[in-house]
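These notes are meant to be read with the structure open alongside.

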Amino acid sequence: MVTDKDIEIKDNFLSESEVKQLYAHFLSQPFTLRHRSHSVKQSVHKAQMAHFLEDSELEIPAIKKIIDSLNVGQIIKAYVQCYSSSTEPIMHKDNGDKTSMTFIHPEYDVDWGGEFIVYGEDTTGLAVQPLPGRNINFNGSVFAHTGRPFNNRSKTNRWILVIQYWSKK
């Protein structure tokens with residue numbers, strides 16, 4: 001079972017203006033179709049859109065703030081993931097020993113769904129609401145996790161800035 005000792009949640013880690021700046025920046029960036037299953041025949045509706053960060057984007061003040069708060073030895077992957085209401089996320093584990101996720105959609109309503117779920121060994125999950133500016137840190141290579149897409153009542157897609165990394169020893 002996953003407990004709050006296994007996952008660190010920082011509410012309002014990014015301010016409303018930092019979230020809006022990141023959201024605006026990534027709205028203007030190219031996203032690519034990213035398939036998470038091994039099936040070549042996977043439909044676009046089950047796919048996720050991702051923008052892998054350029055080195056220069058790691059220097060954006062809000063992103064630098066996130067990185068500086070972590071015990072980063074080496075970044076493995078940094079990207080923004082966009083889930084539409086038709087996305088069907090897949091439970092998975094990450095590379096590295098740590099994963100940091102920050103929600104950068106500018107608004108959220110609990111009626112929209114979109115919870116982030118972290119699973120323990122017994123498949124009991126801990127659900128976390130994707131509040132704008134909320135930062136979550138956990139061992140993504142140990143704990144399987146997934147996100148639920150926002151439902152059709154949402155006014156936006158679910159946007160997440162993800163940093164997978166090896167921590168300093």
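1. The chain's secondary structure amounts to 2 helices and 10 strands, where helices (H or I, at least four residues) and strands (E, at least two) are DSSP runs numbered from the N terminus. Read from the N terminus, the order of elements is β-α-β-β-α-β-β-β-β-β-β-β.

2. On the basis of the coordinates: this is a predicted model, in which local features need pLDDT of at least 70 and side-chain atom pairs count only at pLDDT 80 or more, while totals for chains, interfaces and linings use all residues. Residues are numbered from 1 along each chain as its sequence is written, and side-chain values use heavy atoms, with hydrogens and water left out.

3. On overall dimensions, the radius of gyration of the chain is 15 Å, which agrees with the value near 15 Å for a compact globule of 169 residues; the radius is taken over C-alpha atoms, and the globule rule is 2.2 Å times the number of residues to the power 0.38. Along the principal axes, the C-alpha atoms fill a box of roughly 40 × 40 × 35 Å.

4. Of the 169 residues, 48% are buried, a class defined by under 20% relative accessible area, with exposed meaning over 50% and partly exposed in between (1.4 Å probe, protein chains only). Among contacts in the chain with a separation of 6 or more, 82% are between residues 24 or more positions apart, contact meaning heavy atoms within 4.5 Å.

5. Which strands pair with S6 in the antiparallel sense? Strand S7 (residues 125-128) does so over 4 bridges, and strand S9 (residues 145-147) over 3 bridges, two strands being counted as paired if DSSP finds at least two bridges between them. Ile-117 has Ala-127 of S7 as its bridge partner, whereas Phe-116 is bridged to Gly-147 in S9. The S6 and S7 strands form a hairpin with 5 residues between them, and Thr-123 in the turn has a positive phi of about 65°.

6. Pro-132 is placed in the loop between S7 and strand S8 (135-138), and counts as partly exposed because its relative accessibility is 23%. Its C-alpha atom is separated by 6.1 Å from that of Glu-107, 25 residues apart along the chain. Beyond neighbours within four places in sequence, Pro-132 is in contact with Val-19, Phe-103, His-105, Pro-106, Glu-107 and Tyr-108.

7. Not counting residues up to four places away in sequence, Asn-135 touches residues including Glu-8, Ile-9, Lys-10, Phe-13 and Ile-66.

8. Asn-12 may be worth checking in the backbone: its phi is near 55°, a positive value in a residue other than glycine. Most residues other than glycine have a negative phi, and most peptide bonds are trans. Asn-12 lies in the loop between strand S1 (7-10) and helix H1 (16-27), and is exposed, with a relative accessible area of 63%.
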